[in-house]
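Here is a short briefing to read alongside the model. It goes through the core, the surface and a few contacts in turn.

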Amino acid sequence: MAKLALSNNKVLLGVCGGIAEYLNIDAKIVRIAWVVAAIFAGIGLVAYLLVWLVLFLMNKK
């Protein structure tokens, strides 16, 4: 199984690319889902930054 990590396939910080690689799907799908969730849920940017921070700290070790 793939390790969840930040990706070099990135537009901003590599979060969506990393999730896409982990799930073995196209990064565009994850990016679109994230934007839709951000628009309707209203916490997308905060959640994105939190996921980035967690992945960054997990893979720093």
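The largest nonpolar core has 7 residues: Val15, Cys16, Ile19, Ala20, Ala27, Val30 and Tyr48. Such a core is a set of buried Ala, Val, Leu, Ile, Met, Phe, Trp, Tyr and Cys residues joined through side-chain atoms within 4.5 Å. This is a predicted model, where local features need pLDDT of at least 70, side-chain atom pairs count only at pLDDT 80 or more, and totals for chains, interfaces and linings use all residues. Residues are numbered from 1 along each chain as its sequence is written, and side-chain values use heavy atoms, leaving out hydrogens and water.

- With 4 residues, α1 gives the core its largest share.
- Beyond four places in sequence, Tyr48 touches Leu12, Leu13, Gly14, Val15, Cys16 and Trp34, contact being heavy atoms within 4.5 Å.

**Leucine 6**
- Leucine 6 sits in the segment before α1.
- Leucine 6 counts as partly exposed because its relative accessibility is 28% (buried is under 20%, exposed over 50%, partly exposed in between; 1.4 Å probe, protein chains only).
- Leucine 6 and leucine 55 lie 49 residues apart in sequence, yet their C-alpha atoms are 6.3 Å apart.
- Among the contacts of leucine 6, outside four places in sequence, are Trp52, Leu55, Phe56 and Asn59.

**Leucine 49**
- Leucine 49 belongs to helix α3 (residues 44-60).
- Leucine 49 is partly exposed, at 42% relative accessible area.

Methods. Helix = DSSP H or I, 4+ residues; strand = E, 2+ residues; numbered from the N terminus.
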